[in-house]
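Trainee: I'd like a close look at one part. Take me through the contact surface between the two chains.

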Amino acid sequence: MSAGLNDNELIEKVIRGDHQAYAGLVQRYQSYVFTLTLRMIKNREEAEEVAQDVFIKAYKYLADFRGEAKFSTWLYTIVNNTCISFLRKKKPTIHSLDDERVFLAADRSVNGNRQDSLEQKSVHAVLTEAILRLGHDDAEIITLFYKHEQTLDEISRILGVEVNTAKVRLHRARIRLKEKMETHYATEIKDLI
Amino acid sequence: MNTNLQMEERLWAYIDGHVSGTEKSGVEALIAEQAAWREKYQELLAMHSSLQLTELEEPSLRFSKNVMEEISRLQIAPATKTYINKKIVAGIGIFFISLLAAILIYGFSQMDFSSPGSAQIEITLEKIDISKFFNNTLINVFLMINVLLGLVLLDFYLSNKRNLYRKDTR
């Protein structure tokens, strides 16, 4: 039905009044948007709520999409702004060192024997966990660059920064990701390399 | 430590393909000749490949349905460009620029550049009578309007806070 249409054709249909065509866009981008919101917000329920909000906002202001950039770039700008305003409104949660110990203990108990889990845990799972431990800015830029296949030029447009700033941010995010992996998943890294 | 970071930075740029021809051959030579560079390159390349292969997260099955239900109640807002006329915005800009230019031209035309007055202006604070300005009815009205606007904004801010609090506690 809408599978063969490209983003701009689908948008055209939606603007002309075929609001069911929007389902095609939602299905095409829901995983990308949800991954991005989850990595920024770090809570599944809240991330899903925010992702829904993103699609609702995108629908409301669809007429403002002029097609100068890719639809995904425009959509991720909404993701970025919606996540930032959600995180600003959200009361800060204070984690004590005890919480960190509880988190680690729970992590171990879920995975059972640590040694077994090291063998079972896939590289992807380790990376996903490590990304979730990053700050939202770092998690966002890594997700945009690797999962959404956005160029640095598009990323800089989404984040509203210069291309060089985006480049530096990406570099720093990767350093911090490596540090997280070395701190929390030292043994798994051996499998990775 | 700094050298290590610089090495990583150059290697990441090389892996991402953000390097010029000379830099590319320079990094390639370093990788070929130096074991430390080769080792770091392999390490970063493995991380890069793994990051590319990480899977996307899937939302719940009802996600798409929820969005479609929500948007069925909404209407697409008209494009901003249809109700913001650029000519009007430009007209307002031209009006204020002309106003500023007129004030400046008038001000400069009133100045007597030929008079050899001293560069320092003597101001005697005791001689300044501010009472005639502050007794002015227009100033009082202006202040009252400002106080009123301040109260309206405060009310707006507090009611927003109250609504947010209610939403959070619901």
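Trainee: How many residue pairs are in polar contact across the interface of chain B and chain A?

Mentor: Nine residue pairs, both residues being at pLDDT 80 or more. A polar contact is a pair of N or O atoms within 3.5 Å; within protein, one must be able to donate a hydrogen and the other to accept it, and residues adjacent in sequence count only if both atoms are side-chain atoms. This is a predicted model: local features need pLDDT of at least 70, side-chain atom pairs count only at pLDDT 80 or more, and totals for chains, interfaces and linings use all residues. Residues are numbered from 1 along each chain as written, chains are lettered from A and ligands numbered from 1 in written order, and side-chain values use heavy atoms, without hydrogens or water.

Now the extent of the interface. On chain B, 41 residues are in contact (heavy atoms within 4.5 Å) with 50 residues of chain A. The two chains bury about 4,200 Å² between them (accessible area lost on being put together, 1.4 Å probe, summed over both), and 67% of it is on carbon and sulfur atoms. B:Glu57, B:Phe63 and B:Ile76 lose the most area in chain B, together 17% of what that side buries.

Next, the charges. Four salt bridges (a side-chain nitrogen of Lys or Arg within 4 Å of a carboxyl oxygen of Asp or Glu) are counted between chain B and chain A. B:Glu57 makes one with A:Arg44, with the closest N and O atoms 3.4 Å apart. Helices (DSSP runs of H or I, at least four residues, numbered from the N terminus) come in too: α1, α3, α4, α5 and α8 of chain B each give two or more residues to the side that touches chain A. Of these, α3(B) gives the largest share, 10 residues.

Look at A:Lys178. A salt bridge joins its side chain to that of B:Glu8, 3.1 Å from N to O. A:Lys178 lies in helix α10 of chain A and B:Glu8 in helix α1 of chain B, so this pair joins two chains. A:Lys178 is buried (under 20% relative accessible area; exposed is over 50%, partly exposed in between; 1.4 Å probe, protein chains only), at 10%. B:Glu8 is buried at 5%, and B:Glu43 at 16%.

B:Glu8 and B:Lys40 meet in a salt bridge of 3.3 Å, N to O. They sit in helices α1 and α3 of chain B, 32 residues apart. B:Lys40 is buried at 12%. Shared partners join A:Lys178, A:Glu182, B:Glu8, B:Lys40 and B:Glu43 into one salt-bridge network.

The buried residues of α4(B) are B:Phe63, B:Ser64, B:Asn66, B:Val67, B:Met68 and B:Ile71. Their cover includes α2 and α3 of chain A. In turn, α4 of chain B is among the elements that cover the buried residues of α3(A), together with α1, α2 and α4 of chain A. Those buried residues include A:Val50, A:Val54 and A:Phe55.

Last, B:Gln52 in helix α3 of chain B. B:Gln52 is partly exposed, at 44%. Beyond its neighbours within four places in sequence, B:Gln52 is in contact with A:Tyr146 and A:Lys147.
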